[in-house]
Amino acid sequence: MNISYLTRVRAHFNCAERHTNRHNMRAWVRSVRFLGDKWLLAVQVVRK
């Protein structure tokens, strides 16, 4: 997993208790890995 994605997930999941945040972060990373290149932020979006 890319380091930038890990820092992004840490920024998103920091509002609950520590074990809940860890669970949510791991679930997010698992889902992104499962989707591969089919998720929204996998490809750079070009502005028109």
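# Asking about helix α2

Me: Where is the place of M25?
Reply: M25 has its place in helix α2. A helix here is a DSSP run of H or I with at least four residues, numbered from the N terminus. This is a predicted model, where local features need pLDDT of at least 70, side-chain atom pairs count only at pLDDT 80 or more, and totals for chains, interfaces and linings use all residues. Residues are numbered from 1 along each chain as its sequence is written, and side-chain values use heavy atoms, leaving out hydrogens and water.

Me: What does M25 touch, not counting residues up to four places away in sequence?
Reply: M25 touches V9, R10 and F13, where contact means heavy atoms within 4.5 Å. The C-alpha atoms of M25 and V9 are separated by 6.1 Å, although the two are 16 residues apart along the chain.

Me: Why is N21 called buried?
Reply: Buried means under 20% relative accessible area, exposed over 50%, and partly exposed in between (1.4 Å probe, protein chains only). N21 has a relative accessible area of 10%, so N21 is buried. N21 also lies in helix α2, which covers residues 18-35. Leaving aside neighbours within four places in sequence, N21 is in contact with F13, N14, C15 and A16.

Me: How do you know that R18 counts as exposed?
Reply: Nice one to check! R18 has 77% relative accessibility, and therefore counts as exposed. R18 lies in helix α2 as well.

Me: How many residues does the protein have, and what share counts as buried?
Reply: The protein has 48 residues, and 15% of them count as buried. Its structure has two helices and zero strands.
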